[in-house]
Structure formats: C-alpha cells, structure tokens
Amino acid sequence: MITTHSPPDVSFVVEKHTYTMTSLTKKQRRMQEEAALDEAHAMKQTTPPAYYITIAAMTACLPAILFLTIFVLELSILNIAVLAVGAVIATVALKIGYENVSAINKPIFAQQRANGVRACIEGEVKGKKMATSDIDLLVAKREQMVCESEACHYSLAFNNGVFLVALVVCSFYLFRNMNDLYNYAASTIVAAVAVFFMSTSQA
C-alpha cells in the first residue's frame with residue numbers, strides 16, 4: 001500500500017510570510033516617520049548672524065548721527081576715531097543682545113503658538129489624504145518658522161528700545177554737562193552695557 005503525503009498549505013505559508021513582511025515594512029516606515037518628526041522638532045532654525053549684524057550696525061550709528069547733528073560734534077580725526085570705536089562696541093553688544101533675547105523667548109512663543117499653528121495646518125490639509133505623522137511633521141516645521149520670526153522681531157524691538165532709551169537718558173540728562181566727545185563715549189558705552197545686561201537678565 002502506497003502512502004501519499006499531501007503537500008503543506010502553501011497559501012497559508014505565503015500569506016503568513018507576506019503578513020510578516022508587511023508588518024516589518026509598516027514598522028520601519030513608522031520608525032522613519034518618528035525619526036523625521038523628532039528631527040523637525042529638534043531643528044533649530046535661527047536667523048542668520050549677518051541679519052543681526054546689519055541691524056545692529058545701523059542702530060549703533062544712531063548715536064554718532066545724534067551727536068553730529070544735534071550736538072554739532074566736530075569731525076576731527078580724534079572724534080571720528082572715537083565715533084567708530086563706539087559704533088563697533090554698540091554693534092557687538094546689540095548683536096549679542098539680539099541673539100540672547102531671541103533664544104530665550106523662542107520656546108515661550110512655541111508653547112503659545114502650538115495650538116494655533118496646528119489648527120492652521122489642519123485647515124490647509126483638510127480634505128487631503130495625509131497621514132497623522134505627515135501632518136505632525138508639517139506642524140513642527142511651521143512652528144519653527146513662526147516662532148523664530150516672532151522671537152527675532154521681538155528681540156530687535158526690545159534691544160533697540162533699551163539701547164535708544166538709555167542713550168537719550170544718558171546723553172541729554174546724565175552726561176549733558178560733559179564735553180560732547182566724552183558725552184558720546186560714555187552714553188554709547190552705558191547704552192551698550194544696558195543692552196547686554198538686560199538681554200541676559202531675561203533668562
């Protein structure tokens with residue numbers, strides 16, 4: 001008597017194998033999406049230093065313009081040298097102030113704008129077939145852009161305000177009885193120091 005053995009259930013094996021591969025593929029894709037999302041959250045989009053330096057240099061020139069026009073400071077070699085040194089000191093202080101205040105306030109703005117940014121993105125993608133992870137990625141990127149822009153402009157307004165207020169108070173009140181050149185040097189240095197300490201005291 002010949003015994004025959006039926007072949008194994010090939011379809012079941014194939015289906016099981018296919019199911020395992022599909023599960024692995026989905027798992028790997030999910031890991032990639034989570035990695036991309038973490039990278040988007042960790043991404044530090046910062047304002048270019050050249051932008052801060054340009055704005056700082058323009059603001060730092062205001063004391064020289066003030067003393068040359070209102071106080072009618074003479075344009076001698078010594079005066080020009082002091083004006084230039086004062087402008088450089090003010091530029092460095094303002095740039096540091098811009099970066100400090102922006103870095104300190106960016107996480108605060110991110111927390112405040114999180115719900116608004118998500119609502120905006122969800123409104124833009126409404127009706128489109130997008131995975132939740134893709135939406136989260138868009139939210140993270142948009143949040144970085146919005147918060148960096150808001151922190152940058154807040155920092156510019158804050159530091160420029162501190163610098164100009166300190167400059168006016170020093171030049172027109174505290175040091176008004178000093179020689180114009182000394183008045184400029186003292187007022188500019190005090191204004192620069194005020195910006196530096198005010199920007200670091202927010203931490």
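Modeller: One term to begin with: buried means under 20% relative accessible area, exposed means over 50%, and partly exposed is in between, with a 1.4 Å probe and protein chains only. This is a predicted model, where local features need pLDDT of at least 70 and side-chain atom pairs count only at pLDDT 80 or more, while totals for chains, interfaces and linings use all residues. Residues are numbered from 1 along each chain as its sequence is written, and side-chain values use heavy atoms, with hydrogens and water left out.

Colleague: How many helices and strands does the protein have?

Modeller: There are six helices and zero strands. From the N terminus on, the order of elements is α-α-α-α-α-α. Helices (H or I, at least four residues) and strands (E, at least two) are DSSP runs, numbered from the N terminus.

Colleague: And what share of the residues is buried?

Modeller: Buried residues account for 33% of the 203 residues in the protein.

Colleague: Now α2. Which of its residues are buried?

Modeller: In α2 the buried ones are Tyr 52, Ala 56, Thr 59 and Ala 60. They cover an arc of only 95° around the axis, which puts them on the same side of α2. On the face turned away from that buried side, α2 carries the exposed residues Ala 50 and Met 58.

Colleague: How far apart are the end C-alpha atoms of α2?

Modeller: They are 16 Å apart, which agrees with the 16 Å that the twelve residues of α2 (residues 49-60) should span at 1.5 Å a residue. The expected span is 1.5 Å times one less than the number of residues in the helix.

Colleague: Different topic. How many salt bridges does a search of the whole structure find?

Modeller: Two. A salt bridge is a side-chain nitrogen of Lys or Arg within 4 Å of a carboxyl oxygen of Asp or Glu. Side chains of opposite charge can pair when their charged atoms come close.

Colleague: Which residues are in them?

Modeller: In one, the side chains of Lys 95 and Glu 99 meet at 2.7 Å, N to O. Both lie in helix α4, four residues apart, about one turn of the helix. Glu 99 counts as partly exposed, at 31% relative accessibility. The other salt bridge pairs Glu 148 with Lys 106, at 3.2 Å, N to O. That pair links distant parts of the chain, with Glu 148 in helix α5 and Lys 106 in helix α4, 42 residues apart.

Colleague: Are Glu 148 and Lys 106 buried or exposed?

Modeller: Both are buried.

Colleague: What about the surface: which residues make the nonpolar patch?

Modeller: Val 85, Val 88, Ile 89, Val 92, Ile 96, Ile 189, Val 193, Phe 196 and Phe 197 make a patch of about 750 Å². Two or more residues each come from α4 (77-124) and α6 (180-200). α4 gives the largest share, five residues.

Colleague: Last one. What is phi of Val 72?

Modeller: Near 50°, a positive value in a residue other than glycine. Most residues other than glycine have a negative phi. Val 72 is in the loop between α3 (62-69) and α4, and at 61% relative accessibility Val 72 counts as exposed.

Methods: Patch = residues over 30% accessible without salt bridge, like charges linked within 9 Å, V, L, I, M, F, W, Y side chains within 5 Å. Areas by Shrake-Rupley, 256 points an atom, 1.4 Å probe, with all protein chains shown as cover. Arc of directions from axis to C-beta.
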